Amino acid sequence: MSLLLKLSFCVFFVFHVFGILSAHTTPPSSKWLEPYRITITNREVPQVVVGCDDRGAEVIHPGESVSWKFRMDFYGANKYNCRFYWFEGNNSVTPREETTFPVFDDEIIKLCGRSLFSMNRCYWSITRIGFYFSKIDAGWPNDAWRIMHTWRFE
Ligand SMILES: *[C@@H]1O[C@H](CO)[C@@H](O)[C@H](O)[C@H]1NC(C)=O
């Protein structure tokens, strides 16, 4: 093997192994640490498409939610990064807006709570303005919701 070939194989191998290791850090990975449930509700945007890491794309119409639960992993390293698309109609091809942010990370964990024994809940609401967080299922509208992100102006 030429040196160049060996070198490129090395680089490929390192990236490959890194990919396998990092894939294994995504939740759920344990059965005994803090339980969390994330619920994302679309309040008024005609059609939202959301993709969160390994969860695949989901469509949320007004009044609908997507929700999932998981447990904190051993290293407390869980993170869900989501990409949101705003479509004006079900047949729209081009999103009017799109934005990406973590719906669950070290900052959000503090807001959701850290109980080991009962479900820690993280609620998100989507409007035409942006993305609101609440740790209780407050109904809508309600002062419990706090705006965290807008669609455009980060
Ligand atoms: C999109 O589809 C949903 C459910 O299939 C329907 O309730 C909604 O009215 C549709 N929205 C538009 C803008 O056509």
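Colleague: Over how many bridges do β2 and strand β3 pair?
Modeller: This is a predicted model, in which local features need pLDDT of at least 70, side-chain atom pairs count only at pLDDT 80 or more, and totals for chains, interfaces and linings use all residues. Residues are numbered from 1 along each chain as its sequence is written. Strands (E, at least two residues) and helices (H or I, at least four) are DSSP runs numbered from the N terminus, and two strands pair if DSSP finds at least two bridges between them. Strand β3 covers residues 57–60, and its antiparallel bridges to β2 number 4.

Colleague: Which residue in β5 stands opposite G51?
Modeller: β2 also pairs with strand β5 (residues 80–87), in the antiparallel sense and over 6 bridges. Opposite G51 stands R83.

Colleague: Which residues form the covered face of β2?
Modeller: In a regular strand the side chains alternate between the two faces of the sheet. Strand β2 spans residues 47–52, and Q47, V49 and G51 make up its uncovered face. The covered face has V48, V50 and C52.

Colleague: Which are the edge strands of the open sheet of 5 strands?
Modeller: The strand order is β4-β1-β7-β8-β9, with mixed pairing. An edge strand pairs on one side only, and here these are β4 (65–71) and β9.

Colleague: By what angle are neighbouring strands of this sheet turned against each other on average?
Modeller: Axes are lines fitted to C-alpha atoms, for helices over the stretch in contact, and angles run from 0 to 180 degrees between N-to-C directions. With direction ignored, the average for neighbouring strands of this sheet is 20°.

Colleague: What is the bridge partner of F133 in β9?
Modeller: β8 and β9 run antiparallel and are joined by 4 bridges. The partner of F133 is R146.

Colleague: Why does P141 count as exposed?
Modeller: P141 sits in the loop between β8 (130–134) and β9 (146–150). A residue is buried if 20 or more other C-beta atoms, placed from the backbone, lie within 10 Å of its own, exposed if 12 or fewer, and partly exposed in between. P141 counts as exposed because its C-beta neighbours inside 10 Å number 11.

Colleague: How many charged residues does the shell around the ligand have?
Modeller: P46, H61, G89 and N90 surround the ligand; a residue is near a molecule or strand if its C-beta atom, placed from the backbone, lies within 6 Å of it. Ala, Val, Leu, Ile, Met, Phe, Trp, Tyr, Cys and Pro count as nonpolar, Asp, Glu, Lys and Arg as charged, and the others, Gly among them, as polar. The shell has 1 nonpolar and 3 polar residues, while the charged count is none.
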